[in-house]
Amino acid sequence: SEAVAQTSEGDLHSFLTGRGLSFLTSRINSQLKAAAQVRQQIQLAQGALALAPQFLGLSGPRTYLVLFQNNMELRPAGGFIGSYGLLAFADGQLKDFKIDDIYTADGALTGHIDPPEPIRAHLGQEHWYMRDSNWDPDFKISGNRQSETFFVSSRV
């Protein structure tokens, strides 16, 4: 337990050298680094688990929009949105997961959203469709616009 209490590599090296065990320094240091990485992963998992009840619909039904992007057709947020899915949870269970072609949602568009000027000018589009809603590389901005576009076209 005295060795575990050592916090810096220098202290550890001095501790081991004083006992004729300096050859163990690098091995122990690598194990301590691995333990720190595991500790970090556990903390991330704990954070995710704290969100699980809400995500899984224990406090009420939840529906999520999942966008599938084709990275072979580049867009600012990663790739062309070629299809989408609706993922529904309630009472901790997956209730439904539907995947559809993005053109189904775009074809059902009942409202109008003005596209960014570059889309209007260079692509000649009067409307902003869901397939182009990931126009901004900032996920928060794109995510808000994708939700807006989806709710306008939600009569799919």
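These are my notebook entries on one predicted protein model.

**Ground rules**

I am working from a predicted model, where local features need pLDDT of at least 70, side-chain atom pairs count only at pLDDT 80 or more, and totals for chains, interfaces and linings use all residues. Residues are numbered from 1 along each chain as its sequence is written, and side-chain values use heavy atoms, with hydrogens and water left out.

**Entry: the layout**

I started with the elements and found five helices and three strands in the protein chain. Helices (H or I, at least four residues) and strands (E, at least two) are DSSP runs, numbered from the N terminus. Reading from that end, I get α-α-β-β-β-α-α-α.

Next I looked up burial: 24% of the 156 residues count as buried. My cut-offs are under 20% relative accessible area for buried, over 50% for exposed and partly exposed in between (1.4 Å probe, protein chains only).

**Entry: the core**

Which residues form the largest nonpolar core? I found six: F80, I81, Y84, I102, A105 and M130. Strand β2 gives the largest share, three residues, and β2 and α3 (102-107) are the elements that give two or more. A core here is a set of buried Ala, Val, Leu, Ile, Met, Phe, Trp, Tyr and Cys residues joined through side-chain atoms within 4.5 Å.

**Entry: a nonpolar patch outside**

I then went to the surface, where F68, L94, F97 and I99 form a nonpolar patch with about 370 Å² of accessible area together. Strand β3 (residues 93-101) gives the most, three residues, while F68 is found in strand β1 (residues 62-70).

D91 counts as exposed, at 59% relative accessibility.

**Entry: salt bridges**

How many salt bridges does the structure hold? I noted six, each a side-chain nitrogen of Lys or Arg within 4 Å of a carboxyl oxygen of Asp or Glu.

R75 bridges to E73, with the closest N and O atoms 3.3 Å apart. R75 also meets D132 in a salt bridge (4.0 Å, N to O). D132 is buried at 7%, whereas R75 is partly exposed at 25%.

R131 pairs with D106, the closest N and O atoms being 2.9 Å apart. R131 sits in the loop between α4 and α5 and D106 in helix α3, so this pair ties together parts 25 residues apart in sequence. Both R131 and D106 are buried. Through shared partners, salt bridges join E73, R75 and D132 into one network.

**Entry: Q125**

Last, I checked Q125, in the loop between α4 (117-123) and α5 (139-152). Buried or exposed? Q125 is buried, at 15%. Leaving aside neighbours within four places in sequence, Q125 is in contact (heavy atoms within 4.5 Å) with P115, I119, R120, R131 and D132.

Notes
Patch = residues over 30% accessible without salt bridge, like charges linked within 9 Å, V, L, I, M, F, W, Y side chains within 5 Å. Areas by Shrake-Rupley, 256 points an atom, 1.4 Å probe, with all protein chains shown as cover.
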